[in-house]
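Here's a quick tour for anyone meeting this structure for the first time. Have a look at it, and then we'll go through the places where its parts touch.

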Amino acid sequence: MNFIDNPGKLRGFEKNIKVEKVSRRSILKGLGVTGGFVLAAPVMSRQAFAYETGAGKMPHGVVVDPRVFVAVAPDGVVTIIAHRSEMGTGVRTSLPLIVAEEMEADWSRVKVQQAHGDEVKFGNQDTDGSRSTRHYLMPMRQIGASARTMLEQAAAKRWGVPATEVKAVNHEVVHGASGRKFGFGELAADAAKESVPSIEGLKLKDPKDFHYLTKGKIGIVDLHDITTGKAGYGADVRLPGMKYAVIARPPVTGGKLVSFDPDGALKVSGVEKVMQVRGWPWPSKFQPLGGVAVIARNTGAAIKGRDALKLVWDDGPNGKYDSVAYRKELEEASRKPGLVVRKEGDADAALKSADKVIVGEYYLPHLAHVSMEPPVAVADVKGDKAEIWAPVQSPGGTREDVAKTLGIPEQNVTVNVTLLGGGFGRKSKCDFALEAALLSKELGAPVKVQWTREDDVHHDFLHTVSVERIEAGLDKNGKVIAWRHRSVAPSIASTFAAGTVHQAAFELGMGLVDMPFEIANISCENPEAAAHTRIGWFRSVSNIPRAFAVQSMVGEIAHATGRDQKETLLALIGSPRIVKPEVKDLWNYGEPYDSYPIDTARLRKMVELVAEKGEWGRQVPKGHGLGIAVHRSFVSYIATIVEVAVDDKGKLTVPRVDTAIDCGTYVNPERIESQIEGAAIMGLSLAKYGELTFKDGKVEQKNFDDFQVIRMDESPLITNVYIVAPGPDTPPSGVGEPGVPPFAPALMNAIFAATGKRIRALPIGKQLEA
Amino acid sequence: MIKVKINGQEQSWDGDPDLPLLWFLRDEAGLTGTKFGCGQALCGACTVIVDKEAVRSCITSVNDVAGREITTIEGLHPTGDHPVQKAWRQVNVPQCGFCQAGQIMQAAALLMDNPKPSHEQIREAMSGNICRCGCYQRIENAVHLASTGV
């Protein structure tokens, strides 16, 4: 079965290939705020943006409907729906803030209400792919502008003046000529009777009148709750009569339970029951792995009970998965021709005739997400109805999957979205919620399934493992005339369809076939690789190994030609132009190419900006080095300079990081900074420590002691972020993910500058120790 | 029957004395502000203050703290205005926020012991607390701000 042949099964990054008829309810309900205004909704809203995005092609598209997203109570409190999941990007604040801005609502009188999973009502809710602001900046502005217009019309009628004479200002509508005013609350009931203006006729605010957007002065709505322990994450849901469960799952992906002895567990104080959990044969998308659940009065008892279980497993087809052997397989595959996925000129001939060929083979192992909150979900299944509380990036997908798994209608499933204690792509996959649903159905009681950290490390949907092999052919002047890049890695599609050996378009489009350099002869190839574990998307996905390889190769070319890294990079990017790669079905993060082309002028600008602000070429102390990298991902452009210090024992520290980002039109620069600061830490984590290995089909690591992440004492001392002011019509682009990819190669280039050592296999581990 | 004082209130437990304090707090006492991150004292998400010391509640049993005074994030300050909490908000520290209760408790314990820590001391004292979102620069700045007056 082929991935592309079976798009209907898929959600996530691959959604661009799922184009379905969007059906909408003709009657849309309001928010249920008593006495609130209910706006008559446009039944169908087409995009009427200055730019086109791929939002409409996502499952269930976009709903531009003030009645769905906004309610005004008679006391003036404005409730705005947040329909995307909050996992730390600030989206639960940013999207409602856009509505409030256009509405002229006073943010201190706005209440944010989290949407449950209902994509027919709210439009697509999949919070991944760095898409929320990109897809919803304009729809949220339109929703806010619609609500404002209706409030203005209501006030004008009451005063008997033309609507053109009134204006919403800071939670009131004022009549300038007479100085009369009505608060939003006073107008709520009348505004409800107004017809909803057409999107085409809406007057959006002039950006110079913005109070909130682009200013970065508003803290996230959950700030006080987070600092006082009141914020509600998935793990914090408590229901009357709720049981606590942990599950022993097959240690090898695709394995099965042979037998189990519950006696030891049942003797543990607090343990109430031991039961089998249904598993699905691998690959099964996000369906549970199966195993044995221990049900107890608290999580601690359930964990202790699980430790006392006797379990016999059949390891199944992946029982021999071995990371050392698999790496050799990938390396060998990378040295032979593979499926050609981009071809311009004749790279084979050009490499043969080149004056010099530089070869780099770059290895990046599996990575685990390890969000601070391990997977957890609460389910309460009664008869043919199910209610779920879970930290999911995919509220709509979770609802679909729970319904399918339990065999009940989707409208009988309520998915309550809690805060997410980190996501990074892991929580797009709702296996943990499905486990809770299955257990609750069987127990006839609400149940919380808590994954331990060991469960999380052992049963993640891992970042792939890859070898990226690049051969660059140089002429006698040192100009790159040929580029052959082979990318070998098991695909995310393997989690959906057995027998997948090639990467999907959305993976190839992340730094392989969209490579922006101006080179006459290009060949991008994708040799086969089969998966032996669950592969999933991890923050920035295939961009991590691709940027690592491509930008490290730039450093290698700079060294081979005796040129400066930055100058080499600019020479490779070449002239300012729109790149048009010769690729069948080029994946552009789901966006129309006209709105979001590969623009080398913007790419060059990031290199130049970060070089200027980050003082490229500055004198650094002995043992220090500077490295630079640039990468376009999630249709944003981002460049990073890392200063590294390596002492004589090979101990690495990072005194300074400078990053420039062009993410187009933006909402909250303060949250962009925080995302980029965090991306540097995540980039450093994966570069220094990130490696998940398999032996005999089992993950060898367990917890934060052997799958390490960066701690404060080794985090960069200074991280500077420069956000480019957008052009007037520059569409918004991604922020959550693009910060990660350029970090590792910038660090590798810096390490080379500091030590003369070129690291081509991550993690760095002990490679710098003499 | 084990008796402990949590945020000034007497609580008792007659179940497994080896139950980790973390699960007693979260599942039995309903104080969910203290988080589970690793269960092995590796990440600090479960940090609470026992008497005046920061303790990882995931590897501390209820029996270990019998008769002692435990402060969780919920009890750090009646209105949430402990200098560390205020500094956290002023610096906009959190991203996902899940580790922050543990970070705040660790920082509060640090300042009880050392009211004016240097940046080096802050980095050392806070290094047992992992933040996967990577808010370290802001955490460091917030602890510094809390120590110099918010």
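## Where chain B meets chain A

In this predicted model, the contact between the two chains draws on 48 residues of chain B and 49 residues of chain A. On the chain B side, the elements that put in two or more residues are helix H1 (21–28), helix H2 (83–90), helix H3 (100–113), helix H4 (119–125) and helix H5 (136–148).

Which helix gives the most to that side of chain B? That would be H5(B), with four residues.

## Two domains in chain B

Chain B also has a contact of its own to look at, between its two domains. Domain 1 covers 2–75 and domain 2 covers 83–148. Their C-alpha centres sit 21 Å apart.

To make the contact, domain 1 of chain B brings 15 residues and domain 2 of chain B brings 13.

## The domain 1 side up close

So what does domain 1 of chain B use to touch domain 2 of chain B? Two strands of chain B give two or more residues each: S3 (47–50) and S4 (53–56). The largest share, three residues, is from S3(B).

Sorted by type, the residues on this side of domain 1 of chain B come out as seven nonpolar, five polar and three charged.

How values were computed. Residues are numbered from 1 along each chain as its sequence is written. Chains are lettered from A and ligands numbered from 1 in the order in which they are written. This is a predicted model: local features need pLDDT of at least 70, side-chain atom pairs count only at pLDDT 80 or more; totals for chains, interfaces and linings use all residues. Domain bounds come from an automatic or database domain assignment. Two residues are in contact if their C-beta atoms, placed from the backbone, lie within 7 Å. Ala, Val, Leu, Ile, Met, Phe, Trp, Tyr, Cys and Pro count as nonpolar, Asp, Glu, Lys and Arg as charged, and the others, Gly among them, as polar.
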